[in-house]
Amino acid sequence: MYLPEIEKKWQKKWADTGLYKFDKHSDKPKKYVLEMFSYPSGAKLHVGHWYNFGLADTYARYLRMKGYNVFHPMGFDAFGLPAENYAIKTGIHPKDSTVANITTMEEQLKAMGASFDWDYEVKTCMPDYYKWTQWCFLQLYKKGLAYRSAAPVNWCPNCNTVLANEQVVDGECERCHTVVTKKHLTQWFFKITDYAEELLSDLDTLDWPEKTKLMQKNWIGKSTGSEITFQTVGGGEFSVFTTRADTLHGCSYVVISPEHPMVDQLTTPAQKEAVEAYKEYAAKASEIDRLSTSREKTGVFTGSYAINPINGREVPIWAADYVLASYGTGVVMAVPAHDERDFAFATKYELPIERVVAKKHEDQDDSLPFCEYEGVLVNSGQFDGLTVTEGKEAITKHLSTLGKGDFKTTYRLRDWLISRQRYWGAPIPIIHCPHCGDVPVPERDLPVELPYDVDFTPDGTSPLAKHQGFMNTKCPVCGADATRDPDTMDTFVCSSWYFLRYPDNQNSEMAWDPAIINSLLPVDKYVGGAEHACMHLLYSRFFTKAFRDMGYLNFDEPFRSLVHQGTILGPDGEKMSKSKGNVVSPDAYIEKFGSDAFRMYLGFGFAYIEGGPWNDGGIKSVAKYLDRVERLTDRIYEATEDNKSADAKEVTYILHKTIKAVDEDLATFSFNTAIARMMELTNALYKYTDNAFDIDFAKDCIRTLLKLMAPFAPHFTEELWERIGGDYSIFNQDFPVYEEKLLVKDEITYPLQVNGKVKARFAVPSDFTKEQIEAYVRTEYAADFEGMDIVKLIVVPGRIVNVVVKPAK
């Protein structure tokens, strides 16, 4: 059959009969299967889309045939920078290009033959969606989880705009490649840090890839240690967080982040010029660069001194960019004898390096910097002789009695900055009143709609700030003239709750009905890229926990189980790129071989979580395999010579072995091995039907094979299922079930290997012991061993018999 021709036929029938409509009243157990929704770009579906959506759909179809009521929606993450950049370049409005792209992608996704229920579609750029994104913001604001504060942001001096962290690539603007600097602006934040401990501890409850959980654990970055207060000479104080309070006697200087608010007051007149120059220098480096262990350490003396609280010693305060204002307190105590970074800095600037921890065991390397935890305190006054662990506790307790320190747990995780000085996003629903301050927009007035007629050419200000009709409003509290917030929300806000909207997407009265959502969520299987590990996946977990605590949800986590697909590389083994000329477009292959062959090759040619290089020969082989299955089906259903006595033991065993393997492989996204097993069954059926065969048995086998194949080749199997008289649809059939007793062969065939070469094959009952097999070989092949001594006879049960012989003396 020519697959491209039959695909439209079945897609129309599926749509006309509502085959994939979710039955909200079904009493079947539910499964919520979800792929990370895509951004509606202008380009056609690429291989990555197919690899994600096509094979996740295979999994959803499998669950449907396993008897589950599968909820499988699709939508579009439609706000964002690409559409705005495209508008700046072409003059086409972001709304117009996005709506057009959504229409195109809807058609392409439907042509894929996926089992999405389009009745539940969401589009994040539409007012009926972002109304509820704004509602989410207001609920977080009411609970004290949204706040406004001055903060350093990424700033592109060429584009005159703020950039999100993800828009900074190797310290440069992703669009114009200008070096990104830091700038202080008043921004909106979500207080994700309130949930740091739960976000960390609940990772252990999730069926997620260990690497992803580890990435989140490291991103949250829990540290248990001490917070110590230093006085400054001349008045004032600051705190440092350290996990090494045991080394406090060795603190010979203090380092403060160049952008820390205290830097200006600590800088003496004599050092002002040098400090200002250094601040400008430090602002040009990205946080990643600043934290790099290989980067040369730089800094400048502020002219001020702090007092070490453990011994009253005055130590100099330096500003250095290897300390970040946003991490910890923005100030660190430097102990160069016991920290590699501090050691390098102290060596460069000739600052004191004083040992306060010595080795505990003779075989330890005692050279500086000595950073091991197995050590004893020295040069530490009354604390000499304590171990590192004992010293941490004793010194912290001592400082606590002085009111100069205590035990503390900190997290690397920072609050989520959600303000964006861009146009194409959800407006922040806050009104700024000169009398009442920040006033939330009343929920009855949502959505705060994006105006269409906006000049979004970047000039250093939010595009909405230039639209007087949008900006000027009345305070909902006092009625005075007021202005709207000119910023839009980070698009990750839109995607942090979309999975909650899908099941109740038509609700105009609330973001979601808790009764509906609590019955259908959490998402049972979430499929998408690993690049979202520390943004979307973390933010969605935060939203779920926050709205649970507000009473809107009754579950703790959004995604019960997570699968990351790998990456399909170009034929040259490199990442696909237009500049490299190695981009594989699905269209030509689908036009020639059909979408089922394309999907099946993606399943067969790669381990799903790994991906790999594209191979033209692979898809041709899969197309030939589908042809073989069609010919096999016709051979069996057109057969007239019936042989009820044909030996079916071997094919029965392979059939049930295949059912078991495919069932297990589909459940774990091991698509390549599942298809390999079906190919083996196909070969076995060809062999069985080479001579006269039991027609009814063979028909049962081919019906089973088609049902096993259906999740991978939906159009192809529907067509053959109809051809052989099956009831519509093959996806209304139960997935095959194997019989345990048929997984055991009555006989096992062993190769007999003599001195490394296979000389014969023999069959014995499957329950023969090693001793019985050895006796059989010695008896049946006695003539072959005549004149030889058997040196070894090794039986590997179920596998092989190995004999080593030599000429008899």
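## Cysteines and charge pairs

With a disulfide taken as a pair of cysteine sulfur atoms within 2.5 Å, the count comes to 0 disulfides. Cys436 is accordingly in no disulfide, the nearest cysteine sulfur, that of Cys478, being 3.7 Å away. This is a predicted model, in which local features need pLDDT of at least 70 and side-chain atom pairs count only at pLDDT 80 or more, while totals for chains, interfaces and linings use all residues. Residues are numbered from 1 along each chain as its sequence is written, and side-chain values use heavy atoms, with hydrogens and water left out.

Cys436 is partly exposed because its relative accessible area is 33%, whereas Cys534 is buried at 13%.

A salt bridge is a side-chain nitrogen of Lys or Arg within 4 Å of a carboxyl oxygen of Asp or Glu, and by this rule the count comes to 45 salt bridges. The table gives some of them.

| Glu84 | Arg422 | 3.4 Å |

Helices (H or I, at least four residues) and strands (E, at least two) are DSSP runs, numbered from the N terminus. Glu84 lies in helix α3 (residues 81-90) and Arg422 in the loop between β18 (419-420) and β19 (430-433), so this pair ties together parts that are 338 residues apart in sequence. Glu84 is buried, at 1% relative accessibility, and Arg422 is buried too, at 8%. Glu198 in helix α6 (residues 196-201) and Lys545 in helix α17 (residues 536-549) tie together parts that are 347 residues apart in sequence. Here Lys545 is buried, with a relative accessible area of 0%, while Glu198 is partly exposed at 22%. Both residues belong to a network of salt bridges that also links Asp202, Arg541, Arg548, Asp549, Asp556 and Glu557.

## Overall extent and burial

The protein chain has 25 helices and 31 strands, and its C-alpha trace spans about 105 × 85 × 50 Å along its principal axes. Of its 809 residues, 53% count as buried. In helix α19 (residues 595-604), 9 of the 10 residues are buried, so this helix is largely enclosed by the rest of the structure. Phe230 lies in strand β8 (residues 222-232) and is buried, with a relative accessible area of 0%.

Key. Buried < 20%, exposed > 50% of the residue type's maximum accessible area, 1.4 Å probe, protein only.
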